[in-house]
Amino acid sequence: IYERNKELEMLKTAHTRVKKQLSEKTGELDHCQKRLEVIEDEVYNLRKRVEDLKKELAQREDEVDMRNNQIRKLQRTSDELSEHNDTLQTQLNTLESRLRQRTDAMFNPAQRRQLAADVSDEEFDEE
């Protein structure tokens, strides 16, 4: 009986120790589960933020593409206008040169005859 009581006492002590360890481990597990929930919430929020940033990036890239297209269109228009301006400037220079020649010819009889012939040729070319 004595040995049995001693063994029973040892088992009770061991049971109490194991019960205390189980309680500590259960507390640790609860703490870890709460921490896991917090981390999962953080991960969810971060993933949502990443998706939002991806959408915003796509919108900004679309805006950049649109503006680049506008710039290219404006550049083409500018080039076309510059070319047209050059053409008009050439025509103006030609007309000014002809005007000077005709003005000079009005004062020179030989040039006056040549001018009359040129004007006749131009009228003939236009018809």
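Helices here are DSSP runs of H or I that span at least four residues, strands are runs of E with at least two, and both are numbered from the N terminus. On that basis, the chain has two helices and zero strands. The model is a predicted one, so to speak of local features takes a pLDDT of at least 70 and side-chain atom pairs count only at pLDDT 80 or more, while totals for chains, interfaces and linings use all residues. Residues are numbered from 1 along each chain as its sequence is written, and side-chain values use heavy atoms, with hydrogens and water left out.

Buried stands for under 20% relative accessible area, exposed for over 50%, and partly exposed for what lies in between (1.4 Å probe, protein chains only). The accessible surface comes to about 12500 Å², and carbon and sulfur atoms hold 54% of that. These areas come from the Shrake-Rupley method with a 1.4 Å probe, and for residues only the protein chains shown count as cover.

Next come the charged pairs. Side chains of opposite charge can pair when their charged atoms come close. Counted as a side-chain nitrogen of Lys or Arg within 4 Å of a carboxyl oxygen of Asp or Glu, salt bridges turn up three times in a search of the whole structure. One of them links Lys-25 to Glu-28, with 3.9 Å between the closest N and O atoms. Both residues sit in helix 1 (residues 2–106), three residues apart, or about one turn of the helix. Lys-25 counts as exposed at 52% relative accessibility, whereas Glu-28 is partly exposed at 43%.

Further along, Lys-54 pairs with Glu-51, the closest N and O atoms again lying 3.9 Å apart. These two are also in helix 1, and because they are three residues apart, about one helical turn separates them. Glu-51 is partly exposed, at 42% relative accessibility. Then there is Glu-56 with Arg-60, where the closest N and O atoms are 3.1 Å apart. This pair lies in helix 1 as well, four residues apart, about one turn of the helix. Glu-56 is partly exposed at 33%, and so is Arg-60 at 48%.

Finally, Asn-69 of helix 1 is partly exposed at 42% relative accessibility. Its side chain meets that of Arg-72 in a polar contact of 2.2 Å. Such a contact is a pair of N or O atoms within 3.5 Å; within protein, one must be able to donate a hydrogen and the other to accept it, and residues adjacent in sequence count only if both atoms are side-chain atoms.
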